Amino acid sequence: MNVTLIGIDLAKSVFQVCAVNQNGKVVFNRQVRRNRLIALLMNHPDAVVAMEACSGSNYWGRELQQRGFEVRLIPPQHVKPFVKGNKNDRNDAFAISEAARRPHMRFVQPRSLAQTDLIQVHRIRDRKITQRTALINQLRGMLGEYGIVVARGKERLRSALPGLLEDADNGLTVSARQLFVEQQHEWAELDRAIKRLDRQMRVHSQEDEAAQRLTAIKGVGEQIATAAVAFAGHGQAYRNGRHFAANLGLVPKEHSSGGKQQRGGITKRGNRYLRRLLIQGAWSVVRNAHKGQDRLSRWALSLIERRGKHKAVVAVANKLARIIWSMLYHRTEYNPA
């Protein structure tokens with residue numbers, strides 16, 4: 001029988017390739033070196049290729065799509081239930097092929113090069129900000145060892161640091177002052193790197209037509225707009241706005257049984273970075289809702305009155321996600337009315 005589906009367990013140099021026929025029976029399941037993978041797949045041009053959505057899967061997905069293959073990327077959590085027996089490459093590759101055959105399985109599309117470029121800017125910027133926060137916290141802890149406490153806020157610490165280093169009577173030793181000067185320089189370099197990435201993100205936002213349209217949404221700036229475009233593309237991978245919001249973990253958990261429905265907090269599944277940005281954008285909408293007369297602001301005010309600010313923020317973030325999907329999918333402009 002002909003090979004109809006091929007599951008690939010990706011690695012750095014040696015891939016595990018499992019090919020099955022239309023009945024789900026294994027035709028072969030063997031290791032293939034990286035430089036021979038394309039040649040092997042070209043022997044089965046009509047087969048669907050399935051992989052876990054992981055590092056390198058977007059590259060291979062683009063390469064195979066250019067050669068005419070149908071590519072299915074499966075989130076790893078949806079593959080795990082199909083792993084039978086011990087975990088090894090053979091069983092993983094077979095589990096991928098099994099998951100890809102399920103009729104209701106959810107697949108993701110490989111990112112384009114433009115999306116990949118954009119998402120790398122966000123990832124590096126996020127790491128730089130994390131490093132800066134860790135540095136600031138370390139500075140405060142070190143100052144505390146010498147009995148020096150500075151008011152909250154990074155700008156207050158930044159402005160107080162030069163004076164502390166010049167003050168000869170605050171108990172700082174020569175060695176401590178040298179360390180603080182080095183950390184001050186490191187802080188300045190991180191600030192410069194973050195500003196460069198912000199400028200790069202701004203250029204992406206100005207050049208991308210979809211991102212420009214998204215910035216018209218209240219609470220959505222360049223950072224959220226570019227992150228949404230990098231993550232969702234044109235929204236073709238999602239059935240509707242609710243599906244997109246659920247994929248970001250902005251819908252309630254459910255634990256229902258025996259006809260009794262129980263719901264809790266949000267699921268927090270999917271892309272935590274974009275979810276965090278949407279929550280921050282939602283806080284902006286909620287804090288300024290009393291100043292606006294648009295439909296979103298009035299809706300946010302009614303939510304605050306009924307459920308409180310914190311629940312209103314999550315609801316507004318969910319609403320922003322649905323609006324973003326609709327504008328990406330239908331290629332429409334934002335209408336605040």
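1. Of the 337 residues in the chain, 42% are buried (under 20% relative accessible area, with exposed meaning over 50% and partly exposed in between, using a 1.4 Å probe and protein chains only). Please keep in mind that this is a predicted model, where local features need pLDDT of at least 70, side-chain atom pairs count only at pLDDT 80 or more, and totals for chains, interfaces and linings use all residues. Residues are numbered from 1 along each chain as its sequence is written, and side-chain values use heavy atoms, leaving out hydrogens and water.

2. The C-alpha trace spans about 85 × 55 × 50 Å along its principal axes.

3. Now to the secondary structure: the chain has 13 helices and seven strands. These are DSSP runs numbered from the N terminus, helices being H or I of at least four residues and strands E of at least two.

4. Five strands form an open sheet in the order E3-E2-E1-E4-E5, with mixed pairing (two strands pair if DSSP finds at least two bridges between them). Strand E3 (26-33) and strand E5 (70-74) are at the edges with a single partner strand each, so one side of each has no neighbour in the sheet. On average, neighbouring strands are turned by 20° against each other, direction ignored.

5. Within that sheet, strand E1 (residues 5-9) and strand E4 (residues 48-52) run parallel and are joined by four bridges. Gly 7 faces Ala 50 in E4. Helix H4 (residues 89-100) packs on the sheet, touching E1, E2, E3, E4 and E5, and its direction makes about 135° with that of E1. Contact here means heavy atoms within 4.5 Å; axes are lines fitted to C-alpha atoms, for helices over the stretch in contact, with angles from 0 to 180 degrees between N-to-C directions.

6. Helix H13 (residues 309-330) is worth a look: its 22 residues should span 32 Å at 1.5 Å a residue, and its end C-alpha atoms are 31 Å apart, which agrees (the expected span is 1.5 Å times one less than the number of residues). Its buried residues include Val 316, Leu 320, Ile 324 and Trp 325. Their cover includes helix H9 (222-232), helix H11 (272-287) and helix H12 (295-307). After H13 comes Arg 331, with a positive phi near 55°.
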